[in-house]
Each structure stands twice: as C-alpha cells, then as structure tokens.
Amino acid sequence: MDFKNFIDGTWVATSETIANVNPSDVSDIIGHAAKADAAQMDQAIDAAHRAAPEWAASTPQQRFDVLDAVGTELLARKAELGRLLSREEGKTLPEGIGEVARAGQIFKFFAGETLRQTGDRLASVRPGVEIDVTRSPVGVIGLITPWNFPIAIPAWKIAPALCYGNAVVLKPAELVPGCAHALVEILSRAGLPDGVVNLVMGRGSEIGPRLVESPKVDAISFTGSVPTGRGIAESCGRHLKKLQLEMGGKNPMVVLDDADLETAVSACLNGAFFSTGQRCTASSRLIVTDGIHDRFVTALSEAMAAMKVGNALEDGIQMGPVVDERQLQQNLSYIDIAAQDGGKVSGGERLNRATEGFYMAPALVTETDNSMRINREEVFGPIASVIRVGGYDEALQVANDTAFGLSAGICSTSLKHASHFRQNARAGMVMVNLPTAGVDYHVPFGGTKGSSFGPREQGRYAAEFYTTVKTAYTLP
Ligand code: NAD
C-alpha cells in the first residue's frame, strides 16, 4: 500500500518513500509512505492558508456534521483500523482497537463542542457601551505528532482545531504513517473544503522546521520528545508563534504501607508495562515505603513473569514488541546503565519469537535511588525502577524531585495521604489507586515543569490553544 500525502484536497506521491515495517514481524512491510521535501510542505501550508478563511466562516452545523461523521466512521471501523495500528506500532490488538475507539470518541466530543461555543457580554464601565468577549479561530495550525499514539494524538489535535474553525497541516511520525493516512482519508470524505486538512509525511528534521518557521502558520501543537520540543520552542519564540508542547515524563507511583497490595500491583503493572511502556504517562519510578516494599516487589515480579510478550496481533498477548531496533537498543543500554549504577535488574532481556521482531521482557530495577540516571531520564520502554523510602513525607519529596511533571500516582487507603498527595504532587495529572497512564477524553491533559508548555490539550480546555480571544466595544 502507498501512503501518499494529502495536499489541497489531492493525494500526492513523492519520488522517495519510507518503508513502514511491522515491529512484530520485520518481514511484513505494511506499505511505503511519502517522503515530502520542503517544497511539498510549502504547498500544504499555502493550501491551508488559502482555505482557512472559508472554514473560519463555517457554521457550527457544518463543523458538527464533519466531526460527527468522522467519529462515527472511526467507531464503526475500530476493529480494522485497530489492527493496522497494532501492526505498525506494536501495541496489542485490544490496545490498538481501544485507541481507535478513543479517536472516534474524541471526534464525537468535539462535534458536540461546536454547538457549545459561548462568549461573554459585559456592561462597560463607560455609560452606554457594550462589551462582547468572543473566541475566534487562530488560523493555520501545524500539528506534529509522535509514534506512540498514532491515531489518538492526531485526533486530539485535529478535532479541536476543526471544531474551533482552523485549518491544519499534520506532520505525523515517520514510523506510523498508516494511521495518519487512514484518519486523513476519512476526513477527506467528510465534507471539508479543500485545503482545510493537509497531511505531509517525511523526515521530521527535514520538513518539520519548514512548518514551524513558516510565517503562514499561526500556531504549532507538538507532542514528542523534550529535545525536539525545546528546538521547536526556540524557533517559535523567535517567530512569536503560539505554541503548545506535550513532551516526556518520569512519572512517580507512590505505594504506601497501607495500600491494597493487589490494587498497587495491578496499577503498577498496567502503568509501567502496558503499551510496552511506551507512554509519556508510564509509571517509571515506583516509590515504595519500607513496610510493604518486599511484599510489593515479590508480587509485582510474579505478575511480570506471568506477562505474555509476543506478536501484537496474536490472541492473549499482554505486551507487544518495542517500536523499532533503535528504541530497543536504547532500552537495553538503560538497563546496563542502571546495573552499572548499582541497581539490581530482573527481566529486561531481548526475546526471540516465531517472527523476527523487537521483543524484550519487562524489566524491574530494584535497590535504586532517585539520583541514578534510570530515575532521572525518560527511557520510553518497559522498564520500571523501585525506590525504597521511609514514609509518606519522603515519598512525596522523591516523587516531586524530577525535571518532569506529567502524571503522578499514589496507592493508599489513607484519605489523609491521598488527599495531601493530590494537592502537593507537582504534576498536571494525579491518580489515586489508579495507573499513572490511562486518561479520559473529555477533561484536560498535560503536565507541569519539563513535560509541557502552553495551554492544555483536550476537553473544553482545548479552546485556550485553538482560539484567540477578541474583546469588542460597541456604542449603539
Ligand atoms: P520525537 O521528538 O522524536 O518526534 C516527534 C515528532 O517530531 C515526529 O513527528 C518527528 O518527525 C518530529 N520532528 C523531529 N525533528 C523535528 C524538527 N527538527 N522539527 C519539527 N519536527 C520534528 O518523539 P517520538 O520519538 O516520536 O515520540 C516519543 C516522545 O514523545 C517521548 O518523549 C514521549 O514522552 C513523548 N510523548 C509525549 C506525550 C504527551 O502528551 N506528553 C504523548 C506521547 C508521547
């Protein structure tokens, strides 16, 4: 299958392509994706720039009809598209199908939001003057997305962008062109004017800067790694461009002596290893108090040993492969670093399966402290470390001692500690007796410190980024 770019309402091929490889079976080439050059990116930006005014003038009903139709089709095709997602990204089939359903629900949510756009009318301090505060579209928005949620993240950027009347250019990650292509193909039949949605695939380092620096692009929404995000922020700063960044995490999960052991093990197993640990919200630092430490480590190790790792498309698999060889090597090197720094590693070895792929066992590193590299740097793989602490106060201090601030969790039956943690954990999202990963689609998503920058994504809060506020004074 050829995954072409979509520019100004037309599917466009490129002379060079990038192979789309199944990480569960490297002999399975899913297709070849377009590899755009800067000129093609410019064409997409120009098309969005021309189309933006027409879409900005569209009625709520027109916007509702498009978003609702896309949501309906995604939900109806979740099994087929979930299979494509799992085949190209490597998360298990139930996870892949769940992610497509999530994308559909996001479009449905923002379909509803098209009908609920409000403003404020205020009396002026000057006699007879009326004030209206309304929201307007921003214009053309560049969307840059990572590989780990190949349909949900493009959906949670495109849906609000269209809901609030913007045109977009989507630059998806190189490893997952199939899902971006499938989503844009659905959008291409949903009744949008040409040029409102454009898809440009290619190397991020080659075409990404073109999108970020173009004077015709009014705002950038980026999800990905900290180094890429930092470079984009510097460029947007120079161009005074509106910006939203969602980046990495080193998310703490505190387990207190009074936790329900079964709840804690299940939350940590899910948070650390589901989706092969490739989630920005993954629980990578397990901060465990003395009294429960040994029982917790034994129970979690047993649960990890029982996890079925294998081909993402097979029944009963709980953890699929790592996304590619580069990421697998990075994971294995962090396991070496953790061991050299004094951590005790169990699991984490490369695995062979019937098909050649990027398989590894989930890894647990015990006997670590919070200063070790394994606890400071995001790995983005199925590796969790355990930090032993004396009590709640130390646990909170360690949880907050990080450059990141995306998600933080606590397992405890103490209302006092859970409530204190909710208020004092320095993270954008706090979970009590739940995995640090796994969020609802109708509420804001995002973090603090080095994890995020700019307004929140998702829910009603998405309006902060995808609109600009206008204050109008009228003397009738
Ligand atoms: P990445 O930073 O390598 O790439 C992200 C995107 O940026 C890709 O589309 C890539 O092509 C593009 N890109 C690369 N160089 C660019 C440049 N110079 N200019 C513009 N664009 C460029 O990240 P990744 O490896 O795809 O994804 C993994 C990272 O994403 C992890 O750090 C993870 O924590 C993060 N992530 C964060 C969230 C969140 O919401 N906070 C969600 C998912 C993933």
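Which of the 62 residues in the largest nonpolar core touch the most other members? In this predicted model, they are L74, F107, F110, L162 and L187. Helix α5, which spans residues 152-163, supplies nine residues, the largest share of this core. Domain 1 (2-247 + 451-474) and domain 2 (251-432) both contribute residues to the core, and therefore the core lies between them. In soluble globular proteins, nonpolar side chains tend to be buried together.

The ligand may be considered next. Its shell consists of 28 residues, and the closest of these are T145, K171, S225, M247 and E378. By residue class, the shell divides into 14 nonpolar, ten polar and four charged residues. Three elements, α7 (204-213), β11 (219-223) and α8 (226-239), each supply at least two residues of this shell. The largest share, four residues, comes from α7.

For E378, a polar side-chain atom is found 2.7 Å from a ligand oxygen. In the case of E174, an N or O atom of the side chain lies 2.8 Å from an oxygen atom of the ligand. W147 likewise has an N or O atom in its side chain at 3.0 Å from a ligand oxygen. On its own, the ligand has 860 Å² of accessible area, of which the protein covers 88%.

Two individual residues complete this account. N251 belongs to strand β13, residues 251-255. Is N251 buried or exposed? Its relative accessibility is 1%, and so N251 counts as buried, given that the limit for a buried residue is under 20%. The side chain of N251 has polar contacts with two backbone oxygens: a polar atom of this side chain lies 2.7 Å from the backbone oxygen of C280, and the side chain also reaches the backbone oxygen of A282 at 2.9 Å.

L396 is located in helix α13, which comprises residues 392-400. With a relative accessibility of 12%, L396 falls under the 20% limit and therefore counts as buried. Although L396 and R426 are 30 residues apart along the chain, their C-alpha atoms are separated by 9.4 Å.

Methods: Residues are numbered from 1 along each chain as its sequence is written. This is a predicted model: local features need pLDDT of at least 70, side-chain atom pairs count only at pLDDT 80 or more; totals for chains, interfaces and linings use all residues. Side-chain values use heavy atoms; hydrogens and water are left out. A residue is near a molecule or strand if one of its heavy atoms lies within 4 Å of it. A polar contact is a pair of N or O atoms within 3.5 Å; within protein, one must be able to donate a hydrogen and the other to accept it, and residues adjacent in sequence count only if both atoms are side-chain atoms. Accessible areas come from the Shrake-Rupley method with a 1.4 Å probe; for residues, only the protein chains shown count as cover. Ala, Val, Leu, Ile, Met, Phe, Trp, Tyr, Cys and Pro count as nonpolar, Asp, Glu, Lys and Arg as charged, and the others, Gly among them, as polar. A nonpolar core is a set of buried Ala, Val, Leu, Ile, Met, Phe, Trp, Tyr and Cys residues joined through side-chain atoms within 4.5 Å. Buried means under 20% relative accessible area, exposed over 50%, partly exposed in between (1.4 Å probe, protein chains only). Domain bounds come from an automatic or database domain assignment.
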